[in-house]
Each structure stands twice: as structure tokens, then as C-alpha cells.
Amino acid sequence: MNLARHIALVDELCYRPFPAEHGPSDVGRSGPGYHVAVLESEPYGDPAARAVTIDQCEKDRDAVYELLASRWGDTDPYNLQTVLLRTEHEEISRPWADLGACAGVAYLWEVEGSGRWVAVAVADRDEAQEVHLLALVTETDPP
């Protein structure tokens, strides 16, 4: 893990313009009002290897959290399971609905002066997909 590179990318995304259309980007995917960066990606494998991969990605997420929390303050984990359940009954904006569909919890900050929110999460819900350490930067308030 290159922690300095991850933090630099989050900083850049806090000021990068958002594209007009949804689609892939140089760091993951972006759309109107959001960027999702894949900070790390680990291939999926057998269940035991996947559990080790998830554990490592969670440790890496926590390391990113520590640096961002030292800058923007401590925050409790944000329960994305609730977001996922709410998508069944109400319209949840795209970056948050997508994050809820792939991750269980995120750490979340509102970045003063930028009008943006930053979340870091481990995308591990889909056992048929790679495990990702993600950073979401959006101008959309969390649900």
C-alpha cells in the first residue's frame, strides 16, 4: 500500500471537476457530482484467501482513516447496510446507492471549504468480484 499516494489522490479529487456523464476515469469511475477511486484492488480467490484479502484491505482502510481523521476529525463508521436497504423503498443518489451496494461500512467526512464529502470503504459484498479499497468524493450529501 502506498499511503501517501492514496492521500494525495483523495486531495486531488476534492478539487477535480466532475464530468457531465457517468463512465470510467483514470482512477476508477466518475459521473455528475462524484468520483470513485480504486485505491487498491485484490483478485478474488477461494473463501479463505478472500477473508485474508478483506482483512488486509480493512487494515489499509483504517490506515487511510487515521491520516484523514488527523486532518478532518474522528468519525464513526457510516452504516452502508442501511443505505442498501433504503434503496429498495426510496431513490438514493447514485454515488451513495452504488457504495451501499458494494460495501458494508465507510468512514465519512465533509471537507470544509470544498463543498464535498469524502468516504473510504472496502468493497467486498460481491464474492464474485475483486475486493477494492475505495475512496468516494462527492458533492452529494450522504442519505
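User: Before we look around, what does "buried" mean here?

Analyst: Happy to start there! This is a predicted model, and its residues are sorted by relative accessible area. A residue counts as buried when that area is under 20%.

User: Which residues of helix α4 are buried?

Analyst: Helix α4 covers residues 94-102. Its buried residues are Pro-95, Trp-96, Ala-97, Leu-99, Gly-100 and Cys-102.

User: What covers those buried residues of α4?

Analyst: Both helix and strand elements take part. The helix α3 (80-86) is one of them. The cover also includes the strands β3 (34-42), β5 (103-111), β6 (116-123) and β7 (131-138).

User: Why does Cys-102 count as buried?

Analyst: The cut-off for buried is under 20% relative accessible area. Cys-102 falls in that class because its relative accessibility is 18%.

User: How many disulfides does the structure hold?

Analyst: A disulfide needs two cysteine sulfur atoms within 2.5 Å. The sulfur of Cys-102 has its closest cysteine sulfur in Cys-57, 12 Å away, so the pair is too far apart for a bond. Across the structure, the number of disulfides is 0.

User: How far is Cys-14 from the nearest cysteine sulfur?

Analyst: Cys-14 is in no disulfide, and it counts as buried at 3% relative accessibility. The nearest cysteine sulfur belongs to Cys-102, at 19 Å.

User: Arg-50 is buried yet has no salt bridge; which backbone oxygen lies 2.9 Å from a polar atom of its side chain?

Analyst: Arg-50 sits in helix α2 (residues 47-72). The nearest side chain of opposite charge, Glu-127, is 5.3 Å away, while a salt bridge needs atoms within 4 Å.

Notes:
Residues are numbered from 1 along each chain as its sequence is written. This is a predicted model: local features need pLDDT of at least 70, side-chain atom pairs count only at pLDDT 80 or more; totals for chains, interfaces and linings use all residues. Side-chain values use heavy atoms; hydrogens and water are left out. Buried means under 20% relative accessible area, exposed over 50%, partly exposed in between (1.4 Å probe, protein chains only). Helices (H or I, at least four residues) and strands (E, at least two) are DSSP runs, numbered from the N terminus. Contact means heavy atoms within 4.5 Å. Lys and Arg count as positive and Asp and Glu as negative; His and the chain ends are not counted.
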